[in-house]
Amino acid sequence: MSRPVFATFASLLLMLCPLASPAAQEPAPDAGDAPTRLALMPEGGDAPRNIEPPLPAQRPLGRRPVNASPQMALDAPVPAGAWAVYGAFTLVPLGGLYGASRLDGERLWVTAAQTAAGTAVGALPGSLLFLQPPEAGGRWAEADVAAFGAGLVLTPPLAALGTWGVGELAGGGGQGRAFLGALGGAAVGTLLGVALHGVMEEVVGNRDALASFRKAIALGFIGSGSTVGYQWAASGSRARRR
């Protein structure tokens, strides 16, 4: 083989060797990944570290998510069914004071005054029973729980005291037995008032509408229950004195 032909053949081999190497077959790195790869490399030339992606934020244990359902507009009309339920619940305290007057032939204005007094005095601690805001969610704060408990404990005796005081001034003469009856009736009325207050909230759909009306009905249950309990206990005392 002549010298020029050998030189030409050697030049072609040198040109084909880079194309056949494995490094030449790898795709070129993307220029956009360069900052990311450099950021993962620690300083000092050490081996790259495995960096875990940040975990999503988790809600604390024991807490339920707040109800995110949209609230109705403040000027939204109240459904007719809600008005019917509210009216029916309003008639219950009125029927209670009338029924209390029929237990022993008591004058109607006396039982009405007893109911009003029990409702007014019981409203002082009774307002603590309705402090839970609509956005409080499934779990109340500690202050709300303490206020509700205080209202649940203090409302029956104060409502019974108001009813008993008016009854004694009107010549009831029931004494201690009548006060115990008023206390028991006020306790039952408190539980019913709180339960029905929650029912009326669900029926109307908008907790901001008719809030004062709901509280008045619930407090009316307390005063009416106290009056019924007082008249029931006082009628027994009067029957024994006769």
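Helices here are DSSP runs of H or I with at least four residues, strands are runs of E with at least two, and both are numbered from the N terminus. The model is a predicted one, in which local features require pLDDT of at least 70 and side-chain atom pairs count only at pLDDT 80 or more, whereas totals for chains, interfaces and linings use all residues. Residues are numbered from 1 along each chain as its sequence is written, and side-chain values use heavy atoms, with hydrogens and water left out.

The chain contains eight helices and zero strands, and its pattern along the sequence is α-α-α-α-α-α-α-α. Of its 242 residues, 29% count as buried, where buried denotes under 20% relative accessible area, exposed over 50%, and partly exposed the range in between (1.4 Å probe, protein chains only). Among contacts in the chain with a separation of 6 or more, 75% join residues 24 or more positions apart; a contact is defined by heavy atoms within 4.5 Å.

Helix 6 carries a kink of about 30° at Thr 155, shortly before the proline Pro 156. The bend at a residue is the angle between axes fitted to the seven residues ending there and the seven starting there. Thr 155 and Pro 156 both belong to the buried residues of helix 6, which also include Ala 147, Gly 151, Ala 159, Ala 160, Gly 162, Thr 163 and Gly 167. After helix 6 comes Gly 171, with a positive phi near 90°.

Beyond residues up to four places away in sequence, Thr 155 touches Gly 122, Pro 125, Gly 126, Leu 129, Thr 190 and Ile 222. The side chain of Thr 155 also reaches the backbone nitrogen of Gly 126 at 3.4 Å. This distance falls under the polar-contact criterion, namely a pair of N or O atoms within 3.5 Å; within protein, one must be able to donate a hydrogen and the other to accept it, and residues adjacent in sequence count only if both atoms are side-chain atoms.

On the side of helix 5 (residues 108-126), the residue Pro 125 is buried, with a relative accessible area of 6%. Pro 125 touches Gly 151, Leu 154, Thr 155 and Leu 158, when residues up to four places away in sequence are not counted. The C-alpha atoms of Pro 125 and Gly 151 lie 5.1 Å apart, although the two residues are 26 residues apart in sequence. Leu 124, also found in helix 5, is by contrast exposed at 65% relative accessibility. Its C-alpha atom is separated by 8.6 Å from that of Leu 158, 34 residues apart along the chain.

The largest nonpolar core consists of eight residues: Ala 82, Tyr 86, Phe 89, Leu 196, Met 200, Val 204, Ile 217 and Phe 221. Two or more residues of this core come from each of helix 4 (80-101), helix 7 (175-204) and helix 8 (211-241). Apart from this core lies another, of seven residues, among them Leu 129, Ala 218, Leu 219 and Ile 222. A nonpolar core is a set of buried Ala, Val, Leu, Ile, Met, Phe, Trp, Tyr and Cys residues joined through side-chain atoms within 4.5 Å. Phe 221 is in contact with Phe 89, Val 92, Pro 93, Gly 189, Leu 192, Gly 193 and Leu 196, leaving aside neighbours within four places in sequence.

Further along helix 8, Thr 227 is buried at 0% relative accessibility. Outside four places in sequence, Thr 227 touches Ala 100, Thr 111, Gln 114, Thr 115 and Thr 163. Val 228, likewise in helix 8, is partly exposed at 32%. With neighbours within four places in sequence left aside, Val 228 is in contact with Gly 96, Ala 100 and Leu 103.

The structure holds one salt bridge, defined as a side-chain nitrogen of Lys or Arg within 4 Å of a carboxyl oxygen of Asp or Glu. The pair is formed by the side chains of Arg 107 and Glu 106, at 3.3 Å from N to O. Arg 107 is partly exposed, with a relative accessible area of 40%, whereas Glu 106 is buried at 15%.
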